[in-house]
Amino acid sequence: MNWYNMESLVHWKNIKKQHCEAIVGAQCGHAVLRGAHVYVPGIVSASKFMKAGDLISVYSDIKGKCKKGAKEFDGTKVFLGNGISELSRKEIFSGLPELKGIGIRMTEPVYLSPSFDNVLPSYLFLQNLPSAVVTHVLNPQPGEKILDLCAAPGGKTTHIAALMRDQGEVIALDKIPNKVEKIKQNALLLGLNSIKAFCFDGTKALQLDMVKDAEGKPPFLPESFDRVLLDAPCSGMGQRPNMACSWTLKEVTSYQPLQRKLFTVAVELLRPGGVLVYSTCTITLAENEEQVAWALRTFPYLQLQPQEPQIGGEGMMGAGLAFEQLKQLQRFDPSVVPLRDTDIDSLRDARVEDMIWLANKDCIGFFIAKFIKCKST
C-alpha cells in the first residue's frame, strides 16, 4: 500500500485536467481515493456534453453542495483524477430506475492505491495493516471461545477464526441487522464455520440473573470467554484518506462513555486469565490512552500487557500513564511518516529496512491496548 502512497505524491502533478467533468459525493470520493472506480449512484453531476467513452476529470463535492443532475458546479471540489465514462450524461440522469455498476472507470487516479476487487474473493479479505495487527495481538488459539463485541463488517472476526484454524467458537455481535448479515456473508464466503453472528447490542451482552444462557445466544453469563476483542465504536479520526470533517464536538465527546459501557461488559464476560484487546481507529487521547488509564483504575485486576507484533509507536503522553505503560500500547500515526517532502527518486536506493519502516507506519491512525484479567470479579 505504501509504495503507492509515495508514488502518488508526484503522480498527481502529471495528470492533465479535462474540460469534461463529473462530480461525485464525498463518500464516493473517499472510495475512489482508496482504489475504487466511480459507481453510478455516486455521481452527482456531469458536464452536459459527456458521452460514453469520454475522458473525464472526476472531482469530489466535499461539502455536499452540488445539486443532483447539475451540468456544472463551481463550488468547493477536490480533484480525484481522470477516468473513462462508461455511460453518457443522459443515461446516468435519465430518470429511469437507479442504475448500478461502474459509471466512470478510473485510469489516472491522484492516489495510486491498487484495487483488489474480485481478487481471490474466497481467500482474501482486504484490511488496513493495524486491523490485521490487532487480531495477532489478541492471539486466539484453536479450541477457544472468543467474543468480537463490535464485529461488523467481520474483517477481524474472520481473521480470528482463520488464526484459530476454524477450531473453536467465535461469537460476533453488532446491533445493526444489515451489518450482521455482512458478517455472515463474509464467513460463508471464506468457508469459516466457527463464527456465529448475532444482531445484539454489545452494551447489553451480559446476563445478570445467572440463569443458564440460551443455546449460546446473547446475553452471556459472566466469564464465558477466553478472549474478547473490543474494536470499539469511535470518532474514526484515524481513517484516511479523508477530505472533509463533519464531526461536531457533541458527536466526538459521545464516544467515550459508550466505549466505557462496552469495556465494562467485556471485562465481566472475560474469564480469569483471559485476554482483552481494546482498539479504535481514531487518534484522540480521550478515546485511547485516557480509556486505558480509566480501565486500570476501575478494574484493578486488569494488567496491561506487552503486544506482539509491536509495529506501531508507543502511546501518547497526557493521560497520566507511566512511561513503561505507554511502551506497552501501540499507536499507528500516519503523521509521523515524512512523505510529503519525499522525492521518489531518493527512495529507489533506500534500504529494505527503511522501506519496511515506512510501510508499517503509513496507514490509518489506530490504537491498540492489551489487558489480561488476573482474577475473577
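Buried means under 20% relative accessible area, exposed means over 50%, and partly exposed lies in between (1.4 Å probe, protein chains only). The structure is a predicted model, in which local features need pLDDT of at least 70, side-chain atom pairs count only at pLDDT 80 or more, and totals for chains, interfaces and linings use all residues. Residues are numbered from 1 along each chain as its sequence is written, and side-chain values use heavy atoms, with hydrogens and water left out.

**Exercise 1.** Locate C281, and decide whether C281 is buried or exposed.

Solution. 
- Step 1: the UniProt record, an unreviewed entry, puts the feature "active site" at C281. UniProt positions are in the numbering used here, feature names are shortened, and annotations may be inferred rather than shown by experiment.
- Step 2: C281 sits in the loop between β11 (270-280) and α9 (289-298). Helices (H or I, at least four residues) and strands (E, at least two) are DSSP runs, numbered from the N terminus.
- Step 3: the relative accessibility of C281 is 17%, so C281 is buried.
- Step 4: contact means heavy atoms within 4.5 Å. With neighbours within four places in sequence left aside, C281 contacts C234, G236, M237, G238, Q239, I364, G365 and F366.

**Exercise 2.** Examine the salt bridge between D231 and K156.

Solution. 
- Step 1: a salt bridge is a side-chain nitrogen of Lys or Arg within 4 Å of a carboxyl oxygen of Asp or Glu. By this rule there are eleven salt bridges.
- Step 2: the N to O distance between D231 and K156 is 3.2 Å.
- Step 3: D231 belongs to strand β10 (residues 225-231) and K156 to helix α5 (residues 155-163); the pair links distant parts of the chain, 75 residues apart.
- Step 4: D231 is buried at 17% relative accessibility, and K156 is buried at 12%.

**Exercise 3.** State which elements the salt bridge of E169 and K196 ties together.

Solution. 
- Step 1: the side chains of E169 and K196 meet at 3.3 Å, N to O.
- Step 2: E169 is in strand β8 (residues 169-174) and K196 in strand β9 (residues 195-199), so the bridge joins parts 27 residues apart in sequence.
- Step 3: K196 is partly exposed, at 40% relative accessibility.

**Exercise 4.** Describe the surroundings of L329.

Solution. 
- Step 1: L329 is in the loop between α10 (323-327) and β13 (330-332).
- Step 2: its relative accessible area is 0%, so L329 is buried.
- Step 3: beyond neighbours within four places in sequence, the contacts of L329 include E289, V292, L304, G315 and F367.
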